[in-house]
Amino acid sequence: MPQHVQGVIAPGRNEPVRVETIVIPDPGPGEAVVKIQACGVCHTDLHYKQGAINDEFPFLLGHEAAGIVESVGEGVTEVEPGDYVILNWRAVCGQCRACRRGRPWYCFATHNAKQKMTLLDGTELSPALGIGAFAEKTLVAAGQCTKVDPAVAPEVAGLLGCGVMAGIGAAINTGNVGRGDTVAVIGCGGVGDAAIVGSRLAGAAKIIAVDIDDRKLAKAKEMGATHTVNSRTSDAVESIRELTGGFGADVVIEAVGRPETYEQAFYARDLAGTVVLVGVPSPEMRLDLPLLDVFGRGGALKSSWYGDCLPSRDFPMLIDLHQQGRIDLAAFVTETVGLGDVEKAFARMHEGDVLRSVVVL
């Protein structure tokens, strides 16, 4: 029988979000219904609300979540009712050309639930990143559920579902940060701070945090940055070069997603260094770089998709590292809120007052 639950929707471009009754269908083949316990308030949800992703309103927001599998559909074998899971938005298919070449983290045919969740009047909802977890329950593809140790609190575990994984993966998986490397991270929100954590975990010798907000720079220092640069008062490129013997960083991670900060990242790297773009740009943004500089500086310009993670491999590993005390995932949680507080959480995020607000159900 379909279930009626409470969820947070974005009804239209830049309209305030509101709590509505959501209809959750029984899971079909390959699907699962998950009882949500916690879901982080991610900047991508704000992008959906603003219409910066697409205009398929109304959206059921939320995607950075952990919870308990309640029921599964026909053919599901990877999870069963009662499993504690983190939801991921890139359920790999196992059949596309990337998967068959042994690179499933690049899967080109990731999938979501085929059925639609709706409002009471039958209006179909577009779940954010195929998840829609600002809700008491949600319907997902079973492959979007990754089992982890239930000993870790859901408000902590769920953050691996997006921002923390994106940042750590940008450093470790995409940037290939290694022992003794110098790293600069431009943009010290949740993703940028996670990139700092990942760089420290990989053994970077010097980690330079760059932001325009001294509050964020102070937090970046707590998360493992060895140096900080306020790019509102100092030239970011020159400062990074000064801190790296005049050369630039081996890896520069851009966690903002703007042309001007990407240009800073491009020129702040050493010759043959790596730039990793993990910040999400909006569709109208354009980049203008001299092609000769692209050629002459060498190295690699990379985009990091979800930290190039493989959830089945990376989520349990990071949970283990947290339990061992080698990374502190709880440090990312600034506050916990209720479903009715999402609009206020967006405002606090926009003002830079929080690293992560987490909706707890």
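Buried means under 20% relative accessible area, exposed over 50%, and partly exposed in between, computed with a 1.4 Å probe on protein chains only. This is a predicted model, in which local features need pLDDT of at least 70 and side-chain atom pairs count only at pLDDT 80 or more, while totals for chains, interfaces and linings use all residues. Residues are numbered from 1 along each chain as its sequence is written, and side-chain values use heavy atoms, with hydrogens and water left out.

**Aromatic pairs**

The whole structure holds 6 aromatic pairs, where rings of Phe, Tyr and Trp (its six-membered ring) pair if their centres lie within 6.5 Å, and planes under 30 degrees apart count as stacked, over 60 as edge-to-face and the rest as tilted. Two of these pairs are set out below.

| Pair | Centre to centre | Angle between planes | Geometry |
|---|---|---|---|
| Tyr48 and Phe59 | 4.9 Å | 65° | edge-to-face |
| Tyr106 and Trp305 | 6.1 Å | 80° | edge-to-face |

Tyrosine 48 belongs to helix H1 (residues 43–50) and phenylalanine 59 to strand E4 (residues 59–60), so their pair ties together parts 11 residues apart in sequence; helices (H or I, at least four residues) and strands (E, at least two) are DSSP runs numbered from the N terminus. Tyrosine 48 is buried at 7% relative accessibility, and phenylalanine 59 is buried at 1%. Ring pairs also link Tyr48, Phe57 and Phe59 into a cluster.

Tyrosine 106 is partly exposed, because its relative accessibility is 31%, and tryptophan 305 is likewise partly exposed at 43%.

A nonpolar core is a set of buried Ala, Val, Leu, Ile, Met, Phe, Trp, Tyr and Cys residues joined through side-chain atoms within 4.5 Å. The largest has 48 residues, and among those that touch the most other members are Leu160, Val164 and Phe332. Helix H4 (residues 163–174) gives the most to this core, with 6 residues. Beyond its neighbours within four places in sequence, valine 164 is in contact (heavy atoms within 4.5 Å) with Leu159, Ala194, Leu329 and Phe332. Another core, of 34 residues, lies apart from it and includes Ala32, Ile36, Val41 and Val337.

H4 also packs on helix H5 (residues 190–202) at an angle of about 45°, with the axes 7 Å apart; axes are lines fitted to C-alpha atoms, for helices over the stretch in contact, and angles run from 0 to 180 degrees between N-to-C directions. Residues of H4 including Val164 and Ile168 meet residues of H5 including Ala194 and Leu201.
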